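Subject: Handing over the model

Hello,

As promised, here is the structure for you to look through.

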4 protein chains.
Amino acid sequence: MDRKTLAIVGASGYAGGEFLRLVLSHPYLEVKQVTSRRFAGEPVTFVHPNLRGRTNLKFIPPERLEPADILVLALPHGVLAREFERYAQLAPILIDLSADFRLKDPGLYQKYYGEHPRPELLGRFVYALPELYRDRLREADWMAGAGCNATATILGLYPLLKGGVLKPGPVFVTLLISTSAAGAEPSPASHHPERAGSLRVYKPTGHRHTAEVVENLPGRPEVHLTAIATDRVRGILMTAQAFLLDGWSERDVWQAYREAYGGEPFIRIVKQKKGVHRYPDPRFVQGTNYADIGFELEEDTGRLVVMVAIDNLVKGTAGHALQALNLRMGWPETLGLEFSGLHP
Amino acid sequence: MDRKTLAIVGASGYAGGEFLRLVLSHPYLEVKQVTSRRFAGEPVTFVHPNLRGRTNLKFIPPERLEPADILVLALPHGVLAREFERYAQLAPILIDLSADFRLKDPGLYQKYYGEHPRPELLGRFVYALPELYRDRLREADWMAGAGCNATATILGLYPLLKGGVLKPGPVFVTLLISTSAAGAEPSPASHHPERAGSLRVYKPTGHRHTAEVVENLPGRPEVHLTAIATDRVRGILMTAQAFLLDGWSERDVWQAYREAYGGEPFIRIVKQKKGVHRYPDPRFVQGTNYADIGFELEEDTGRLVVMVAIDNLVKGTAGHALQALNLRMGWPETLGLEFSGLHP
Amino acid sequence: MDRKTLAIVGASGYAGGEFLRLVLSHPYLEVKQVTSRRFAGEPVTFVHPNLRGRTNLKFIPPERLEPADILVLALPHGVLAREFERYAQLAPILIDLSADFRLKDPGLYQKYYGEHPRPELLGRFVYALPELYRDRLREADWMAGAGCNATATILGLYPLLKGGVLKPGPVFVTLLISTSAAGAEPSPASHHPERAGSLRVYKPTGHRHTAEVVENLPGRPEVHLTAIATDRVRGILMTAQAFLLDGWSERDVWQAYREAYGGEPFIRIVKQKKGVHRYPDPRFVQGTNYADIGFELEEDTGRLVVMVAIDNLVKGTAGHALQALNLRMGWPETLGLEFSGLHP
Amino acid sequence: MDRKTLAIVGASGYAGGEFLRLVLSHPYLEVKQVTSRRFAGEPVTFVHPNLRGRTNLKFIPPERLEPADILVLALPHGVLAREFERYAQLAPILIDLSADFRLKDPGLYQKYYGEHPRPELLGRFVYALPELYRDRLREADWMAGAGCNATATILGLYPLLKGGVLKPGPVFVTLLISTSAAGAEPSPASHHPERAGSLRVYKPTGHRHTAEVVENLPGRPEVHLTAIATDRVRGILMTAQAFLLDGWSERDVWQAYREAYGGEPFIRIVKQKKGVHRYPDPRFVQGTNYADIGFELEEDTGRLVVMVAIDNLVKGTAGHALQALNLRMGWPETLGLEFSGLHP
C-alpha cells in the first residue's frame, strides 16, 4: 500500500512529539515534515531523545509546510482557530489536538475559553473518541482530539449514563494528573525542585474540560471536576463517585460496561477480586493506548466509585487521535498503537 | 524541671519511631525504654538511621518493660485491647496510637473492625485531637490517637459542620495517602518495583476511618471516603466536596474556619490568590505538626472544595498525640513539635 | 512462516515477565507455557497487569512443562545448574537468564558464586551479547544471557580495549542501578517506605558481575565496580573512568566506537555538544533494547569518562537474549524489540 | 542574651531560604531583613511555604538594606566580588555562600571561573568548614561557605590524606547530586517532565568544585570529579575510590577517621556490618547538618571506597555556614541545627 504523507505542526511539544513517536512505527503513514518555530533546524532527537535511531527529521518553521495527505495540529489553544485557512488548505484531513474545535456549543466555549474567533466552525469537527463516535469518525475529514481529562472522565461515565444506572444528581470526579499535562514550556510551577514530591491541587473548581464532559455525556449530567497534580510525568487516574439507582446492583454496572465497550480494542475492564493490581493504575498503561476501567460498589450506601487509568499523552491525546485516523482511513484500528506497557 | 519518663511499645514501627524522634528533642521527657520483639537487642538506629548520634537506646522485648510516667503504645490494631491490663498497670498515663480505643460506639467499631474484646473500655479514652478536645485532654489519663486519614478529614470538615455552612447531604472525601501508612512490614503490595510510580486505589469504599470521622463531626454527617495511595512516603492530601448553603459565601467559610481555629498553633489557613504554592501541599508540612487547610468555592454551583495537607506520621499520628500529652502535662503545647518543614 | 514454540520457566519474575512481554509481540514466536510455582493457576496478568488484553496464558507449575522449540529459563541463580538435565531435554534451544553458565573460567565462578555443581558445562553456553559474539550466536543452541551490569560495562568498555586507546591501569566503574534488579521477591530492603527516595550503596566492592566483565573484555583488564541503587524501577547508568594513552584524542575514541559498533542496530552513540539530553540517560531507553553510549575527555588530564544507559530488564536481560535468539533463528535481529521509548 | 541582628541577601533562592529557615529557630539570632529583587514586597512565605506561621517577613529590594550585625550573602556567583564595598560596609561579619571568595589561589580561580575582579581579596575569607578550620573560624569576620560537592568530597577524603593512608595516585570521585543544586531559577533543564526520573550526567569532567577540593586537602592530591544528577530534590552521595597503602588495613582507616573527627558534633561514621541502612544515604540526613561517612575496603585489591551523604543545602551550604557563625560568636556549635532527619 502507498503510504499516506503526514505533517505535524508543533512537534516539539509533548502532544505533537507523541503523535510523531506513534506514527514512526505506523506501516501506512510517512511523516514528511514536523514544525517547531523554536527548534527549527535542529533534529527532532534534540528535543525527543527517545527517537534517536528512528528518524533523521529536522524541525522546520511552520512557514515551510508543504501540502500533505494529513495534517496534525498540536498548537497552543487558540492558534488554529485564528489561522484556520492557512492550515486547512494544506491537507484534506485535519486532526487538531488543541481545544479549539472540541466543543459544539458556542456558549460552553465562551464560558470556559472566552469568545471563539470562528464560531461557525464549531460543530464541523468530529470529536475523536472512537468509543463514542466510531461511525462518524470513519467519514470525518476534520477531527478534534479530546482533552485528556475529558477522555478519562467520559470513558468512565459514558456507559453508566447511557445505561441509565445512576441516580440523578451530581457526579463528583477527582482527576489525578501528571506534569506533562502542562506542556513542554518551563515555568516556575514546573521547576523540578518545586514540583517533585508535590501533591498540588491544580483546579479545585472550574476545570475547562468540564465543557467537553458535559457535552458528550448522555443527558448532560451535572459533573464536578477537581484536578490534582501528582508528580508522575504521565498518566491520569480518574475516580468518579455517584449513587446507583435503588435496587440496582454490581451486575447492572457490569452489564452497562459490557454493552458499551464489548468489542473495544483499547478498553480493559479491570475487576479482580484480589491482588496488588486489582484496580486500574496509570503506571501500567504508560505509553499505551489502553483505558483501564474498574469500579466498586459500596453496598450499604449505593455509592459507586468508578476508576479510569490512561496515559494522558496516548489514550488521552495522540493515541485516540491516531486511532480515529486509522478509522478514517479504513485501516485496522490498532496500527501504531501496539505497545503493551511495562511491568515493573 | 524533672523530666518525666516515657516508654514506647512498638518503637520499631513507623508510628512508634516517629514518637521517639519527637520525644528525643523534647525538653521535659526522657525515653527510658523502647520495645520491639523483632529487633530486641539492636540499637534503635539499626531501624531508624535518622537517630544516629541522638540516642544509644536499644530495643528490648516487651516483657522487660518497667513502670514509667507515660506509656506510648504503637501496637498493631487489636493487641492492646487484648492485653490491656498488662500495659495499663505500667503507667498512669497511656497514649494509644492504634485504633483500639478511638471509637465510643461499639456498633461502629463492630461494623469496621469486628467484635471489640473490651467494649466497656470504649469511651474511656479521650480522642487525642487538641483542636476538638483541648479541654478534655488536659485531664485525660488515657488518650487514643486519631487515625491519620480521620485527622485530615475531621480537621477540614469540623469548622464547616460546627458553623453550619453546608447544605445537608453527602460529603465526598478523596484522600491521597502515602506508603508509610501501611506500616513497616514488607509485603507484595509494598515491594518497591511494584509500588513506585503507582497511583494505587487503596480503599474506594468502606474505609475504616469513616467511623471516627462520623463520630467526631457535629451532627454525624454522611461522609464518603475514597483513599488512593500515591508513591509519596509521607503525607496526606485530603479533598472534600460539598455544597454551601444557598446564599452563603466564601466569607462565611472564612468565618467558620477562623472561629474554630483562631488560636490554633498548628493550623495554617492557606489562601493565597496566586503563586505556585497557593493550595495546601503535603510536601511542605513533611516532618511537621502542621495541618495546612485551604478551600475554594465554585461560585455558580455553590460547590465547596476543602483541602487539607498533613504529615500522616506527625500531625496524623505521633504529633497530635504528643501535642495532647503536652496539654495533659500543662506544658507549652508546641514542645518537641517545632520543626518547620523544608523548601525545596 | 510457522511459529516456533517457546516456554518460559520462572515467568512471574521480572526477567521472565519481560521476556514474555517481548515475545508476545514477536511475529514468529508463540508462547505455549509459562511457569510459576507460586502463582500456578493464576492468569499471567495477575502478576503482570501490563499484559491484560494481550494473553490469556495462565501460570503452570514447572512439573507440567512440555517440550518446545525453545526454552527460556529465568530461575534463581543455581537452580538450572542443579537441575540441568531435566530442562535440557525439553527443548533443543536453551536460553538461560541466570548467572549459572555465563562464565567460562571455573575459578572466577568459584570466587564470586562458590563451587559450581556442573563445571564441565561452563564454556558450553555462548554469552548472549550480539555486539561481541554475533557469529557464534548464529550457531548457538545454548545461550547464557549476560548480567545487566556486566552488559552496560562491557558495551561501554569493549571498543576502547579492543581499539587499544586506554592507558594500562585500573578502570573505575560506577553503576547506578534500579530496584527491579533485585527481583520480584519482597524484602525489608525493598519495602517502599524504606527504599523510595534513597540513594543506597549496594555493592561498593566485590560485585559478582566483575567476573563477566573481566572475562569478556580484551586483555582481562583491571576493572573495579561500585554499584549504587537509585530509586528508579528500571535502568542502569554506567560511568567508567580511565586514562587515554598519551597523545590520543577524542577522535581516536570516536574511531574506536565506530569500528566496534558501526552497524549495530541497538547501539546509539550520543554525543551532542549541547542541549538538555546531551548525555545518555536510562530514562529514555526505558522499555527498549537500546544501549546509549557517550563519552567525554578531560583534555588537560587525559581522563576519559564513558557513559552507558540501558534498561536493565531489556538490553540488560531479556532484550539481548531475544536479539541473540533472533540471530540463532536467522530472523531479523530487531524482531520483537521495536519499541522506541518515551519522551517525556 | 541580646539577639544579634542578621540580614540575608538573596533570600528567595534555595541557599538563602535555607539559611533563613535555620536562623528562624536560632535562639540568639534575629532576622531583620531579607532581600529579593524579584519578589520584593511579597511575604517570604510566598516563596517558602514551609515558613508559614513562622515569620511575617517580606522581601525587600537589596537597595533598602540597613546595617546589621551579620550579613549573609546568597547571591549568584560573581555579584559580591563586583559589588563588594557596598555590602562590606553594612555589617562587620560577612558570610558569603557564593564561590567568589572560597579559593585562595587566583590561578585556580581563573581556571574554573575566569578572571577574578578583586584578586587581592582572595585569601581574606576563611573557608567555612568547621571540621578543617574550627580555630580560624572562631576569629573570622569574613567567611566563605564551601561548595556543596566540595564539602562532601573534602569531608570524606580529609582524614585519609591527613592520616596518610592512601597510595599516591588519582582519587576518583563520583557525586550523585540533586536538582536543588541548580538553584531556584526555572530552565529547560529543570522542567519537571524532562527532569523527573532522569539520571542525568551533569559534569563528567571539569567540575568547578575541583578547585576547592584540591586547595583544602593536604598535599593537593589529584582528585577527579564526575557529577551525576539524580532526581532527588536534596542530597549528595559522594563515593571516592582510591588504593590503600600496601599493608594497611581497615583498622588504619578507622583510626584516621577517629583522629580527624573524634569530637565532631555533625560527623557520623556509619559502619554497620549488616542491615538495610548500613551505608550512608542522603535521604536520612535530609534537612539536617549531619555528614554520614562510611567506607569499605576490597581486601584483595586494596581498593577503598569512601561514601559520604549530606544535605546539599544544609551541611553542604547553609548549615556549615551557620555552624561556622556559631563558632565565631562563641555560641554552642549546634544552635539552630538540631533537626534529626526523618525515617521513613
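First, a definition for the sheet: two strands count as paired if DSSP finds at least two bridges between them. Helices (H or I, at least four residues) and strands (E, at least two) are DSSP runs, numbered from the N terminus. Please bear in mind that this is a predicted model, in which local features need pLDDT of at least 70 and side-chain atom pairs count only at pLDDT 80 or more, while totals for chains, interfaces and linings use all residues. Residues are numbered from 1 along each chain as its sequence is written, chains are lettered from A and ligands numbered from 1 in the order in which they are written, and side-chain values use heavy atoms, with hydrogens and water left out.

The sheet in chain C

In chain C, seven strands make an open sheet with parallel pairing, and their order is E3-E2-E1-E4-E5-E7-E6. The edges are taken by E3 and strand E6 (126-127) of chain C, each of which has a single partner strand, so one side of each has no neighbour in the sheet. Two bridges join E2(C) and E3(C) in the parallel sense, and C:Val34 is found opposite C:Phe59 in E3(C).

Salt bridges

For a salt bridge, I required a side-chain nitrogen of Lys or Arg within 4 Å of a carboxyl oxygen of Asp or Glu. For burial, the classes are buried (under 20% relative accessible area), exposed (over 50%) and partly exposed in between, with a 1.4 Å probe and protein chains only.

C:Glu18 and C:Arg21 form a salt bridge with their closest N and O atoms 2.7 Å apart. Both belong to helix H1 (residues 14-24) of chain C and sit three residues apart, about one turn of the helix; both are buried.

C:Glu63 bridges to C:Arg37 at 2.9 Å, N to O. C:Glu63 is in the loop between strand E3 (59-60) and strand E4 (70-73) of chain C, and C:Arg37 is in the loop between strand E2 (29-35) and helix H2 (44-47), so the pair ties together parts 26 residues apart in sequence. C:Glu63 is exposed at 51% relative accessible area, and C:Arg37 is exposed at 56%.

C:Asp311 is buried at 0% relative accessibility, and C:Arg234 is buried at 1%. In chain A, salt bridges with shared partners link A:Glu18, A:Arg21, A:Arg234 and A:Asp311 into one network.

Where chains A and B meet

Taking contact as heavy atoms within 4.5 Å, 52 residues of chain B touch 52 residues of chain A. The buried area (accessible area, 1.4 Å probe, that two parts lose on being put together, summed over both) is about 4000 Å², with carbon and sulfur atoms giving 58%. Two salt bridges cross this interface. A:Asp300 forms a salt bridge with B:Lys111, with the closest N and O atoms 3.0 Å apart.

Best wishes
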